[in-house]
Amino acid sequence: MAKKTIRDAQVRDKRCFVRVDFNVPMKNGAITDDSRIRAALPTIEYLISHGAKVILASHLGRPKGQVVPELRMDPVAHRLSELLGKKVVKLNDCVGPEVVAYVSGMSPGSVVLLENVRFYPGEEKNDPGLAKAMADLADIFVNDAFGTAHRAHASTAGIAAYIPAYAGFLMEKEIAALGKLLEDPERPFTALIGGAKVSDKLAVLKNLLDKVDNLLIGGGMANTFLMAQGYGVGKSLAEPSMVGEAREILDKAAKKGCKLLLPVDVVVAAAPETGVPAKVVPASEIPEDMMALDIGPETRKAFSAVVEGSKTAFWNGPMGVFEVETFRGGTLEMAAALAGVDGFTVVGGGDSLSAVEMSGLSEKISHLSTGGGASLEFLEGRELPGVAVLLDKD
Ligand code: ADP
Ligand code: MG
């Protein structure tokens, strides 16, 4: 069902609580990549030019319900001001009497950025009290945070119980592009999955088997599957508690005739650091004192062949610790394979997008999604909580 967007809303003179995804990567207090801020600009600029009072809210990092000074939103407000060419006031809280007072004095076309919503424990718990306090600040709710739409949090879902909810333009664009993967994708359809958020994402893979013809698993995600095959993974990132789940995924793939490829060789080293000696070993022979940190050359060849033969391809999660040059090769080769697909390609996820950016091949990808976990869950065919709460088009 199509969702109402801000084009369908009366926004002039209205206080609009806009949930954005400003969860930008930071190093020593500086933003290292402002893509996520830029991605929200069309919505923010539309609201400004239509005379709305724009109240922006986002999370940054994982402060887990406490005030973490390094995760305050000030650098984001500063960068946003530069991008908009307009003052963005930053408040030190996201709810409460002072915020209410400030917001009630806003003039049309002005922009304020609230404090990191995850400083409140109620945010991730979707606490109704916090959601109501957020809703009390505004006349309408706009969700433009596709990257967190798979989470039912106070500022992504709960708030919509109290005020009418509309999609922003980024949300609209993401739903349209990813929707193409669900509605009759051209086959073969391949999903390439890697990265580090194993417990978050592993369960999603089982449902993905109903959608895709080929599932390629690399990166940190693969190690739990290597364990499920009975191999030792040494000191590698892995989730022993999910080995059973991984085994079920392997069984289901075999039953369905879905081609599931795992690494046959990996690059190992003592630590994911520059300068440590690295070597290639078979995936069944990871030394006990080492970590698998990239896919090996045989695996790259096999994965590339499947990707290049696809008509539709989706990728989330780097194939190795691509931040360190020694372990970047597999990820860059996969970026090249995807760029070579004659068909529809999607890459999703913050780190995955950085990796594609590094490869210089971003322009060869059909759609770059800001959501990693969100795009994966969308692909399962489930309606995301942050999308479900939006008003349906008539
Ligand atoms: P995205 O942000 O694209 O959704 P994730 O956050 O799930 O992706 O995963 C990205 C992280 O996974 C990167 O920081 C990368 O270093 C890490 N990673 C990939 N492969 C491995 C591995 N074999 N061992 C440890 N970490 C890995
Ligand atoms: Mg990430």
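Residues are numbered from 1 along each chain as its sequence is written, and chains are lettered from A and ligands numbered from 1 in the order in which they are written. Because this is a predicted model, local features need pLDDT of at least 70 and side-chain atom pairs count only at pLDDT 80 or more, while totals for chains, interfaces and linings use all residues; side-chain values use heavy atoms, with hydrogens and water left out.

Helices (H or I, at least four residues) and strands (E, at least two) are DSSP runs, numbered from the N terminus. Two strands pair if DSSP finds at least two bridges between them. On that basis there is an open sheet of six strands in the order 5-6-4-1-7-8, with parallel pairing. Strand 5 and strand 8 (165-167) stand at its edges with a single partner strand each, so one side of each is left without a neighbour in the sheet. Neighbouring strands of this sheet are turned by 25 degrees against each other on average, direction ignored; axes here are lines fitted to C-alpha atoms, for helices over the stretch in contact, and angles run from 0 to 180 degrees between N-to-C directions. Within the sheet, strand 4 and strand 6 run parallel and are joined by three bridges, and Leu56 stands opposite Leu113 in strand 6.

Which elements do the buried residues of helix 2 pack against? Buried means under 20% relative accessible area, exposed over 50%, and partly exposed in between, with a 1.4 Å probe and protein chains only. In helix 2 (residues 74-84), the buried residues are Val76, Ala77, Leu80, Ser81, Leu83 and Leu84. Viewed down the helix axis, they fall within an arc of 165 degrees, so they line one face of helix 2; the arc is that of the directions from the helix axis to the C-beta atoms. Their packing partners are strand 3 (30-31), helix 1 (35-49), strand 4 (53-57), strand 5 (88-90) and strand 6 (111-113), where contact means heavy atoms within 4.5 Å. After helix 2 comes Gly85, with a positive phi near 65 degrees.

I turn to the aromatic residues. Rings of Phe, Tyr and Trp (its six-membered ring) pair if their centres lie within 6.5 Å; planes under 30 degrees apart count as stacked, over 60 as edge-to-face and the rest as tilted. The whole structure holds three such aromatic pairs. In one of them, the ring centres of Phe17 and Phe141 are 6.2 Å apart and the planes stand at 45 degrees, so the pair is tilted. Phe17 belongs to strand 1 (residues 15-19) and Phe141 to strand 7 (residues 140-143), so the pair ties together parts that are 124 residues apart in sequence. Both residues are buried.

How many disulfides does a search of the whole structure find? The search finds zero, a disulfide being a pair of cysteine sulfur atoms within 2.5 Å. Cys16 is in no disulfide, and its nearest cysteine sulfur, that of Cys94, is 18 Å away. Cys16 is buried, at a relative accessible area of 0%, and Cys94 also counts as buried, at 1%.

Another buried residue is Thr148, with a relative accessible area of 4%. Thr148 sits in the loop between strand 7 and strand 8 and touches Arg19, His59, Arg118 and Thr156, leaving aside residues up to four places away in sequence.

The other sheet to describe is also open, with six strands in the order 11-10-9-15-16-17 and parallel pairing. Its edges are strand 11 (259-261) and strand 17 (367-369), each with a single partner strand, so one side of each is left without a neighbour in the sheet.

In strand 9 (residues 189-193), five of the five residues are buried, so the strand is largely enclosed by the rest of the structure. Phe189, Ala191 and Ile193 point one way, and Thr190 and Leu192 the other. Strand 9 runs parallel to strand 15 (residues 312-316), to which five bridges join it; Ala191 has Phe314 as its bridge partner, and Ile193 has Asn316. Four bridges link strand 9 to strand 10 (residues 214-217), also in parallel.

Strand 16 (residues 344-348) likewise has five of its five residues buried, so it is largely enclosed by the rest of the structure. Finally, helix 6 (residues 169-182) lies across strand 9, strand 15, strand 16 and strand 17, running at about 115 degrees to strand 17.
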